[in-house]
Amino acid sequence: MDTSVFEQHESEIRGYCRAYPTVFASASNARQVAEDGTSYIDFFAGAGVLNFGHNNPRMKEALVEFIQADGVAHSLDTYTTTKRDFLSKFHEKVLAPRGMSHRMQFMGPTGSNAVEASLKLARRATGRREVVAFSHGFHGMTLGSLAATANDTFRQWAGVPLTDVVRLPFETAPGGATGLAEYRAALADPSSGHTPPAAFIVEVIQAEGGVNVASREWLHEVQDLARDVGALFIIDEIQVGNGRTGSYFSFDGMGLDPDIINLAKGLGGFGIPIAMNLNKPEIDDHWSPGVHTGTFRGPGLAFVAGSVGLDYADDEAFLGSVRAKGEQMRDTLEAIAAKHPDRAWQVRGRGMIQALDTGDGAFAKRVQQESFDRGLLIGPCGSGGRVIKLIPPLTIPEEDLSAGLDLFEQAVDAATRAD
């Protein structure tokens with residue numbers, strides 16, 4: 001294994017490669033194969049990008065056909081047939097069945113770009129500056145989205161003040177049971193020093209924050225408070241949308257009505273970067289041409305692969321399989337936790353984002369190493385990296401899912417013996 005080129009010429013910022021010290025050469029569905037021939041089961045899926053697996057064959061066929069036909073790969077925001085196809089299909093498969101009239105806005109190709117655009121639009125629409133974000137939330141690494149992100153280490157690396165964000169406790173965090181009521185009372189008190197915000201931005205499931213799951217009741221409390229004070233209600237679906245929870249949106253069935261929805265990661269289907277905000281028309285009307293621009297707003301390849309990905313959006317058999325696989329993952333994690341009752345580990349998640357909170361970042365890192373040594377790719381998250389998150393491709397074959405869960409249990413047992 002020769003990594004010298006990376007070590008000599010690539011920036012010190014590289015991170016995941018240090019947890020996965022090998023050189024990958026190929027990948028298919030839920031498997032990555034290193035150049036030495038070692039096969040790894042992928043329970044990380046590009047941090048939630050590869051919902052439909054590596055090199056999804058249906059997407060590959062559509063992409064090859066598009067390229068051979070000289071399709072428009074880059075178009076800024078000009079009209080193209082591929083964009084029209086994507087817009088039409090997204091409306092047909094996702095918006096219309098839910099009675100949603102949201103407009104689709106494309107910006108730079110990352111989730112952070114989507115958050116930046118939504119915060120800018122919220123401030124334009126309301127004429128206010130502050131945004132409410134929640135403890136343990138992650139919304140991106142560019143300055144506006146980083147201001148809404150809670151992780152202190154990430155925030156310190158900004159090198160400049162990160163302002164105009166009010167931080168409230170997430171439902172599952174200390175103070176989460178009363179935080180919204182206290183903030184509501186403060187906004188009603190003209191001597192509290194608080195003024196109404198432009199928006200509340202929240203994740204239904206805090207993926208990077210430790211797979212913390214909000215309840216329907218609490219999310220309605222957030223939405224109601226936003227409505228009552230004239231603020232926008234923004235849901236960040238970047239990692240848990242696109243079918244990850246067993247429905248297209250993680251908030252499906254909750255009766256929520258967000259003003260803006262942030263989408264990215266799995267939206268491009270094949271791992272091709274694309275981000276999109278869904279804006280209510282009356283909110284979107286606060287934009288005017290060119291007010292928020294960017295070079296990569298017309299990614300033809302992502303439209304093609306993403307259109308194929310939308311075939312899964314209303315496929316109840318597929319979504320049912322996601323829910324069933326999620327239950328299998330959860331059952332395994334609960335059995336692992338039950339084997340070690342003295343550790344007081346917690347299992348959290350929904351659908352095919354499941355996690356084991358070990359309460360110990362050093363231990364979770366050992367589990368990651370033991371997993372890699374056995375041929376399994378996983379990634380810690382949460383405060384101090386103490387939560388082990390499992391997010392395999394939604395298309396993972398049953399035999400790979402079962403094999404990966406067995407490897408994970410072996411890794412946890414090995415790390416426990418060494419503890």
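This is a predicted model: local features need pLDDT of at least 70, side-chain atom pairs count only at pLDDT 80 or more; totals for chains, interfaces and linings use all residues.
A cavity is a set of points, on a 1 Å grid over the protein atoms alone, where a 1.4 Å probe fits but cannot get out. Grid points are joined across faces, edges and corners, and a volume is the space filled by probe spheres set on the points. Residues are numbered from 1 along each chain as its sequence is written, and side-chain values use heavy atoms, with hydrogens and water left out.

A search of the whole structure returned one cavity of 30 Å³ or more. The largest cavity holds about 90 Å³ of space. Its lining comprises 13 residues, with F52, N242, Y248, G309 and L310 the closest to the centre. Lining residues are those with an atom within 4 Å of a point. Helices α12 (300–309) and α13 (316–339) each contribute at least two residues to the lining of the largest cavity. Helices (H or I, at least four residues) and strands (E, at least two) are DSSP runs, numbered from the N terminus. By class, the lining of the largest cavity has eight nonpolar residues, five polar and no charged. Here Ala, Val, Leu, Ile, Met, Phe, Trp, Tyr, Cys and Pro count as nonpolar, Asp, Glu, Lys and Arg as charged, and the others, Gly among them, as polar.

Open space was treated separately. A pocket is an open set with protein on both sides within 12 Å along at least five of seven lines. The second largest pocket contains about 530 Å³. It is lined by 17 residues, and D77, M104, Q105, F106 and R297 lie closest to its centre. Helix α5 (81–95) and strand β4 (103–106) each supply at least two residues of this lining. The lining of the second largest pocket divides into seven nonpolar, five polar and five charged residues.

N279 lies in strand β12 (residues 276–279). N279 counts as buried because its relative accessibility is 0%; buried means under 20% relative accessible area, exposed over 50%, and partly exposed in between (1.4 Å probe, protein chains only). The side chains of N279 and Q105 are joined by a polar contact of 3.0 Å. A polar contact of 3.1 Å links the side chains of N279 and D284. Such a contact is a pair of N or O atoms within 3.5 Å; within protein, one must be able to donate a hydrogen and the other to accept it, and residues adjacent in sequence count only if both atoms are side-chain atoms. Leaving aside neighbours within four places in sequence, N279 is in contact (heavy atoms within 4.5 Å) with H102, R103, Q105, L121, D259, I260, D284 and W287.

Aromatic rings were paired next. Rings of Phe, Tyr and Trp (its six-membered ring) pair if their centres lie within 6.5 Å; planes under 30 degrees apart count as stacked, over 60 as edge-to-face and the rest as tilted. The count comes to 21 aromatic pairs. Y16 and F44 form a tilted pair, 5.3 Å centre to centre with 55° between the planes. Y16 lies in helix α2 (residues 16–19) and F44 in the loop between β3 (39–42) and α3 (45–48), so the pair ties together parts that are 28 residues apart in sequence. Y16 is exposed at 54% relative accessibility, whereas F44 is buried at 8%. Y248 and F249 form an edge-to-face pair, 5.1 Å centre to centre with 80° between the planes. Y248 is buried at 4% relative accessibility, and F249 is buried at 0%. Ring pairs link F86, F90, F106, Y248, F249, F251 and F303 into a cluster.

F200 is found in strand β7 (residues 199–202). F200 is buried, with a relative accessible area of 0%. Not counting residues up to four places away in sequence, F200 touches residues including V132, F134, L168, Y183 and V222. F200 and A122 are 78 residues apart in sequence and 9.4 Å apart in space, C-alpha to C-alpha.

Backbone geometry was also examined. Most residues other than glycine have a negative phi. D70, not a glycine, has a positive phi of about 60°. L76, not a glycine, has a positive phi of about 50°. D70 lies in the loop between α4 (57–68) and α5, and L76 is found in the loop between α4 and α5. D70 is exposed at 68% relative accessible area, while L76 is partly exposed at 38%.
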